[in-house]
Amino acid sequence: MKTSDILRAAAVLLAAVIPSMASAVEPCAVDTASRAVIADPTLTVGVRADRILPTNHFVRGSNERGRKLSSAFTPVVEFTVRNAPGTRYGRWYPSARQGIGAGLQLATPSGILGTPALLYAVQSARIASLSPRLSLDYEWNFGAAMGWKTLDHDAPDYDRNIDGVGTSVTAYINLGLYLRYRLSPSLQLFAGAEVTHYSNGNTGDPNPGINMLGARIGASYTLGTPTPIGRANWSDFEPGMAYDIMAYGAWRKWGFRPYQESPIEDAEETHLVPGRFAVAGFSISPAYRFNPILSAGLSIDGQYDEGANLGGRYVETTPVDNPKFYRTKFSDRISLGIAAHAELRMSLFAINIGLGHSILAPGGDDLRGWYNTFALKTFVTDRLFLLTGYKLYRFNVPGNLMLGAGFRL
């Protein structure tokens, strides 16, 4: 694995994996009656069988073997803990679990995608108790997949149309719903449906994304004597405003269409701008916390993108495989927008979804219009959190990663 790929994996995992066991940094959440911070260390093993969805030309057969990718198989192992019942998080989120997981992604036909290893943060909780032994749970995973097979971008015969993932390291996102049956206080069996997404976040090219739909079965075993799961107690929660201030950075690829003003047949063909471009942004986000789980509000979002609107400054006398561009102005690279946000929090993690529109983007269409944000906040303390997210433009145009930190006032 190249050094740049290792650094890319570290950046993705920084906000997802390291803080997963960090509930011990919040001593203020511990009642005087108990010094325990975590409870019920649990080992889970499982296996996922997936159908690879035909969402891009590579999966449908435009690859170096000319074969359709159909199915995948993924063994996983996870280690999780609960917040102790004597803690504030234990009262607010009594069934929540968080920890780390690892797995191996296998796909058929073999040899086309490689065999990437998965390393991820995991968080789960009970949705409903269906009987004394049976419950409906959810779980999400977020981390990195390392070891995808990619083609040599510097080879003379390189063809991006048959390159599948673009980078050897991608983000890994998974969401599942499960029926969980308790055979004994310590041993549980589960089965359910999942959706999985792999993407390099537009940090490399190509970035078609790999999407899967499947099912997972497995078993969980709690070490020691399990702590009973009680009902949520929000009596010490006070609804009110919270104010998040966030800053992030990333890198991304840009494309351009050199012939878009021409009537020739390949006018819509996209070519790559050489190199990667820096992205930096901030968000000021006041929100009303209705309860420990749900909050909503508005945000002011600003971003600087080094490569924005560069495509419109292509020097037409230069070849498209070694293009030159006129220098853009600072105003071409900045934008400011207002977005509505909804946030779901469960213990250390909060998932935030936003929909916004630019109010200032003087440089051109690249940063104008609607945008969507999807972000994971990992709370290291009550107020400090790490941010990992992704920005999408006009609902379908790839944007950029959001890797940073924030502070809650």
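This short talk walks through the barrel, the aromatic pairs and a few individual residues of the structure above.

Before the details, please keep in mind that this is a predicted model, in which local features need pLDDT of at least 70 and side-chain atom pairs count only at pLDDT 80 or more, whereas totals for chains, interfaces and linings use all residues. Residues are numbered from 1 along each chain as its sequence is written, and side-chain values use heavy atoms, with hydrogens and water left out.

Let me start with the barrel. Eight strands close into it in the order β10-β13-β14-β15-β16-β17-β18-β19, with antiparallel pairing. Strands here are DSSP runs of E with at least two residues, helices are runs of H or I with at least four, both numbered from the N terminus, and two strands pair if DSSP finds at least two bridges between them. Strand β10, residues 240-252, and strand β19, residues 397-408, run antiparallel and are joined by six bridges; within β19, A405 is the bridge partner of A247.

Now to the aromatic rings, where a search of the whole structure finds 15 pairs. The rings of Phe, Tyr and Trp (its six-membered ring) pair if their centres lie within 6.5 Å, and planes under 30 degrees apart count as stacked, over 60 as edge-to-face and the rest as tilted. F256 and Y314 form a tilted pair, 5.1 Å from centre to centre and with 45 degrees between the planes. This pair links distant parts of the chain, since F256 belongs to strand β11 (residues 255-256) and Y314 to the loop between β14 (294-305) and β15 (334-346), 58 residues apart. Both F256 and Y314 are buried, a word that stands for under 20% relative accessible area, with exposed meaning over 50% and partly exposed in between (1.4 Å probe, protein chains only).

Elsewhere, Y89, W92, Y93 and F237 form one aromatic cluster. The charged end of R88 sits over the ring of W92, 5.2 Å from its centre, and K391 lies over the face of Y371 at 4.5 Å from the ring centre; for such a case, NZ of Lys or CZ of Arg must be within 6 Å of the ring centre and within 35 degrees of the ring normal.

Leaving aside neighbours within four places in sequence, S95 is in contact, meaning heavy atoms within 4.5 Å, with S124, A125, R126 and I229. T225, in the loop between β9 (210-222) and β10, counts as exposed because its relative accessibility is 72%.

Finally, some backbone details. A cis peptide bond joins T108 and P109, with omega about -5 degrees, and P109 is found in the loop between β4 (106-108) and β5 (114-129). The peptide bond from D205 to P206 is also cis, with omega near 0 degrees, and P206 is found in the loop between β8 (187-199) and β9. D40, in strand β1 (residues 38-52), has a phi near 55 degrees, a positive value in a residue other than glycine, and D40 counts as buried because its relative accessibility is 6%.
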